[in-house]
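Subject: Structure for your review

Dear colleague,

Please find below the structure that I am handing over to you.

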Amino acid sequence: MKNVRKSRLILATGLALTAALALTGCGGGDEAKEEAAASDDTVYTMKWAHVSPAENDKQADAINEIIAKIEKESNGRIKIEHYPSAILGNEEEIFEGLQLGTIEIGTLSSGSLGGFYPGVLATSTPFLFQSREEAWDFFDSETADWLADQVFENTGVKCIGWAENGLRCFTTTKKQVKSPADLKGLNIRTQQNPVTMAMVESLDGVPQPIAFAELYTALSQGAVDGQENPPSLIYTQGLYEVQPFLTLDYHVYDFLGVFVNPAALDKMPADLQEIFQKNIDEFVTIEREKSKSYDERDIQTMKDAGVSVYELTDEEYQQMVDATVPVRDVVRELTGDEVMDKVLAQVEELRK
Ligand code: EAX
């Protein structure tokens, strides 16, 4: 405690000095600030929030790994507190916290961002990507950088990395989904995502938006007949316990954006910002790889636990693709032509 106050005093004096120098045009403002900041032992503490499980989960495991690396490489000058399992609220509430500055870091899926900047929903277009590797290439492209800038311009929150929530698949309580007809009349839980809701409607299902933290209860009490999520999250969130049928249709590639409150970033000296960003880049790579390997691990674990896991035939897969084509018009309506055209053009470019 005391140290911090002292260093704050030092920092404040340093900054005041810097400002004076800058005002008197004696140049070297930033250098003075850097020297002052680099020499101080200010500890920058940040809260990292998300809604996925606390352990044995691709996201939490990758976060714990990178928190340790950041603290080590910053000699303890960056301290990150990990808040999983919606402890700090659901995804929308976490994003609001990032806007207000009550939360510093949040890892969030696309479904919760539509209300803040609908443009990101262009990447939730059903069957947009042919594989997760193609999606990774998309999210490493200039178009994804541009999309991150749009998020910042429209919400005031910075997106500093595109990790992976996963390839979303349907689970059901009563019967296996093998074709659109099997979803007819079923109440399917979705995120508050107008694109996924339109997709469920295009498959003759009835979308029911429910917060992730309430999903297990809604399924176990029969309030809904099914839901859709990436396989590893279906396992780690325990949803498989109340969902005997899993269909691997991979209908949407869902990013996991790394979002930060800009002030939390800007107040750190350049050397710490560099360490932070370098490790977030590494987090994105580690988390994507874990998402892939945990999917393989958890699909087998769910099979061993008695879940009926069904792989669509090519014909059945094509039926799902064809049935959801009209959703593209809904997406274009939501995002506007500019975003949708940029996203589709980038995907085409990747296939050349
Ligand atoms: O980001 O709500 C969901 O289905 C998401 O996959 C979950 O919030 C994790």
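Asp-204 lies in the loop between helix H7 (194–202) and strand E6 (206–209); helices (H or I, at least four residues) and strands (E, at least two) are DSSP runs, numbered from the N terminus. The model is a predicted one, in which local features need pLDDT of at least 70 and side-chain atom pairs count only at pLDDT 80 or more, while totals for chains, interfaces and linings use all residues. Residues are numbered from 1 along each chain as its sequence is written, and side-chain values use heavy atoms, with hydrogens and water left out.

Although Asp-204 is not a glycine, its phi is positive, at about 65°. Most residues other than glycine have a negative phi. Asp-204 is partly exposed, with a relative accessible area of 40%; buried means under 20%, exposed over 50%, and partly exposed in between (1.4 Å probe, protein chains only). Asn-75 also has a positive phi, near 50°. Asn-75 is found in the loop between helix H3 (58–73) and strand E2 (78–83), and it is exposed, with a relative accessible area of 67%.

Strand E3 (residues 105–109) is largely enclosed by the rest of the structure, because five of its five residues are buried. Ile-105, Thr-107 and Ser-109 are buried on one side, and Gly-106 and Leu-108 on the other. Two strands pair if DSSP finds at least two bridges between them. Strand E1 (residues 44–49) runs parallel to E3 and is joined to it by two bridges, with Ala-49 opposite Gly-106. Strand E8 (residues 245–260) pairs with E3 in the antiparallel sense over five bridges, and there Phe-259 is the bridge partner of Gly-106.

Helix H5 (residues 132–139) packs against helix H11 (residues 270–304) at an angle of about 165°, with the axes 12 Å apart. Axes are lines fitted to C-alpha atoms, for helices over the stretch in contact, and angles run from 0 to 180 degrees between N-to-C directions. H5 is therefore roughly antiparallel to H11, a term for angles over 145 degrees. In this contact (heavy atoms within 4.5 Å), Arg-132, Glu-133, Trp-136 and Phe-139 of H5 meet Arg-288, Glu-289, Ser-291, Lys-292 and Asp-295 of H11.

Overall, the protein has 14 helices and nine strands, and 55% of its 352 residues count as buried.

Methods:
Angles under 35 degrees count as roughly parallel, over 145 as roughly antiparallel, 65 to 115 as roughly perpendicular and the rest as oblique.
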